[in-house]
Amino acid sequence: MKYRNLGKTGLDVSEIGLGTEYLNRQPRETVVSVVRKAVESGVNYFDLVFNFPEYLDNFGAAFKGLRDKVILTHHIGSAEKNGRYRKTRKPKECEEIFLETLSRLDIDYIDVANLHFVKKEKEYNEVIAKGVLDLAVRLKEEGKARFVGISTHDVSVATKAAKSGKIDVIMIQINMANNAMLGRNEMLAACAKEGVGLVAMKPFAGGKLLQRNKTVTIAKYQTAGISLKKKISPSITPVQCISYVLSQVGVSTVVPGVKNVEELDATLTYLNATDEEKDFSALITDFKEYITGECVYCNHCLPCPSNIDIGQTIRLLDTAQRGVTKTIQAEYNTLPAKASDCIECGSCTERCPFEVDVILKMKQAVTMFD
Ligand code: SF4
Ligand code: SF4
């Protein structure tokens with residue numbers, strides 16, 4: 001397992017985290033087995049989305065003795081009534097649920113207090129106006145939460161939150177289906193510039209990307225913006241989907257959901273996958289009409305005679321569009337070959353499936369970093 005910075009929080013999160021939605025209503029022994037196996041495999045980021053008593057008690061049992069090994073998210077605004085999920089924007093109720101969560105999990109603090117599922121900008125404004133963000137900030141000041149996050153299915157909400165200076169972590173869908181969505185890369189770059197940690201959910205677009213050989217409709221909430229009708233490749237794998245997500249600018253961790261140990265094992269095959277197995281470039285061409293000219297950092301254009309890591313160089317260039325931070329410059333400095341080493345041979349542009357003007361990108365990178 002590799003670990004990445006969760007933005008400026010100082011937390012190191014496992015590249016693969018875990019969504020827990022599908023573990024709701026599973027037997028306790030299943031929840032305990034999944035969590036224990038995940039932690040043994042190096043997973044340390046867990047997103048706890050519900051507040052059903054049995055769900056929390058199961059996770060309380062699963063995390064027993066593991067508090068110092070896990071990073072936990074609680075969703076402020078996720079509520080229940082008569083065993084059914086609902087949302088609330090009442091700060092008092094949110095605080096009661098938060099404290100109940102701490103008690104049922106038998107812990108003293110949550111790592112990320114996440115403003116739950118903020119649908120549109122109107123709702124973002126509502127969350128602020130009603131004092132829910134203030135509640136999260138107060139919980140942080142009181143030491144009951146270490147950081148404030150937000151989960152959303154909307155790119156404009158995520159971009160606004162990233163620029164607000166009050167949000168440490170953003171959770172949003174990142175998957176191949178939204179690769180070329182308008183505003184998505186700007187949002188990723190804003191997170192990278194502001195040092196906001198990015199938790200990528202729905203790497204398989206709610207399972208739609210794994211429906212091999214079928215024509216599926218991928219809904220807006222699965223792409224974070226656009227609805228698509230697509231024939232899914234007969235050869236797509238979970239490893240390729242995860243590899244795609246982890247190659248995107250600013251992503252700290254990806255949180256696939258599993259409902260048993262077998263599904264967890266299938267997800268964790270990524271850890272031992274070869275570079276060939278991780279290569280997603282042939283799949284992303286299914287979405288080519290949306291992405292021509294945009295680099296997806298797949299490195300299909302290698303080898304470069306000057307030994308330039310082209311995908312990584314362009315990824316850093318894209319990340320720095322809103323300003324070169326010390327972290328981005330430091331990352332660039334560690335590259336073994338620099339953009340200025342480009343001899344303009346053009347072999348990369350012939351191999352790139354996405355018609356990226358690599359030579360121009362290298363010149364832009366020289367201006368940006370050298
Ligand atoms: S230039 Fe093309 S082939 Fe190379 S990393 Fe970018 S998208 Fe992939
Ligand atoms: S054009 Fe530049 S970046 Fe592309 S393969 Fe040739 S030397 Fe490498």
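## A parallel pair in the sheet

Strands β8 (residues 110-115) and β9 (residues 145-151) run parallel and pair over 5 bridges; pairing takes at least two DSSP bridges between two strands. Within this pair, A113 sits opposite V148 of β9. Strands here are DSSP runs of E with at least two residues, helices are runs of H or I with at least four, and both are numbered from the N terminus.

This is a predicted model, with local features needing pLDDT of at least 70, side-chain atom pairs counting only at pLDDT 80 or more, and totals for chains, interfaces and linings using all residues. Residues are numbered from 1 along each chain as its sequence is written, while chains are lettered from A and ligands numbered from 1 in the order in which they are written.

## The whole sheet

Zooming out, 8 strands line up as β3-β4-β5-β8-β9-β10-β11-β14 in an open sheet with parallel pairing. At the edges are β3 (18-19) and β14 (251-254), each pairing on one side only.

## Around ligand 1

Ligand 1 has 14 residues around it, and the closest are C295, H300, C301, G311 and C352; the cut-off is a C-beta atom, placed from the backbone, within 6 Å. Helix α14 (residues 310-319) gives the most to this shell, with 3 residues.

## The chain overall

In total, the chain has 17 helices and 14 strands. Its C-alpha trace spans about 65 × 40 × 35 Å along the principal axes. Of the 370 residues, 48% count as buried, that is, with 20 or more other C-beta atoms within 10 Å of their own, C-beta atoms being placed from the backbone.

Notes:
Buried ≥ 20, exposed ≤ 12 C-beta atoms within 10 Å, placed from the backbone.
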